[in-house]
Amino acid sequence: MLGYIVRRLLSTIPVLGVVALIVFLLLHFAPGDPAAIMAGDSATPAQLAEIRQRLGLDKPVFVQFFYWLDQLRQGNFGTSLHSNKPVAEMIAARVGPTLSLAVTTMTFSILVAIPLGVYAAWARGRLSDRLVMTLAVMGFSTPVFVTGYMLIYLLSLKAGWFPVQGFASLASDPIRFARTITLPTLALSTVYIALIARISRSSVLEILGEDFIRTARAKGVPERSVFLRHALRNAAVPIITVIGSGAAFLIGGVVVAESVFNIPGLGRLVVESVLARDYPLIQSLILLLSVIYIGINLVIDLLYTLFDPRIRY
């Protein structure tokens, strides 16, 4: 078991290296000059040359890349071109809201989607099954920002149950935290719930056709035990897979949800840094989100060891 975990951890190192290289090259060859952005429109050529030298932009690309990697190794993410603040401090100040939204969304989605998928499999062909699948298709097809604005209109402007925008941390005000995080969580979880519910239904239905399920029923095992102890456990591998792969939807949806609901998180910071063309901040944010995505998939791979007997250490 320990050897398998070590191998999986080591396999992420070259992936992170490739991601860092792609992020660096994409931003390096993108239109725009960071020195010109910092200096302003009235800067002289001498001032631009001085800024490029200070930022290391006058050096070859591969030298800049390895210098950036060395700075990352030391925990130095650079300085924002727009606010002149350390990038690490700016990211640290925005992690809390994003982490709160991601955790509540993933927890809510899993708690709702898996029971829905199992119920749809149990009610296969009935009206309730078709209703669940119809809602899943609608949820998967509706963009997050459309769902967000609908929720704002219905539950905030019309009903007045929740604030339109804003965020409060759990530590500072638990009640306000619950009220401000509810609508973003609902908006962001619609796609995630639809995805997990559909895969849960199809996976459970596939397992229900296996011989060991028919044997369990022939022995008089209660139907509830058949679903929960036999079908759901053996269908867990594809469900875990889609939970991990759905992290891509979650990361992309966080950017949209934080913009719609004015949440001061990493997603909102991504939008602000792109609009300001703040290259050090953009590089660090993209790399951080990539590391989070790789980390989630690594955790999913490790969870396979608990459910998939075919994995050998």
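How close do the axes of helix H5 and helix H8 come, and at what angle do they cross?

1. The axes of H5 (residues 87-122) and H8 (residues 174-208) come within 6 Å and cross at roughly 35°. Axes are lines fitted to C-alpha atoms over the stretch in contact, with angles from 0 to 180 degrees between N-to-C directions. This crossing is right-handed (near helix turned clockwise from the far one by less than a right angle). The contact of H5 with H8 has 22 nonpolar, 8 polar and 1 charged residues; Asp, Glu, Lys and Arg count as charged, Ala, Val, Leu, Ile, Met, Phe, Trp, Tyr, Cys and Pro as nonpolar, and the others, Gly among them, as polar.

2. The model is predicted: local features need pLDDT of at least 70, side-chain atom pairs count only at pLDDT 80 or more, and totals for chains, interfaces and linings use all residues. Residues are numbered from 1 along each chain as its sequence is written, and side-chain values use heavy atoms, without hydrogens and water.

3. H5 also packs on helix H6 (residues 127-141), at about 140° with the axes 8 Å apart. Leu116, Tyr119 and Ala120 of H5 meet Ser128, Asp129, Val132 and Met133 of H6 (contact: heavy atoms within 4.5 Å). These residues divide into 5 nonpolar, 1 polar and 1 charged.

4. The chain has 14 helices and 0 strands (DSSP runs numbered from the N terminus: H or I, at least four residues; E, at least two). Of its 313 residues, 40% count as buried (under 20% relative accessible area, 1.4 Å probe, protein chains only).

How values were computed
Buried means under 20% relative accessible area, exposed over 50%, partly exposed in between (1.4 Å probe, protein chains only).
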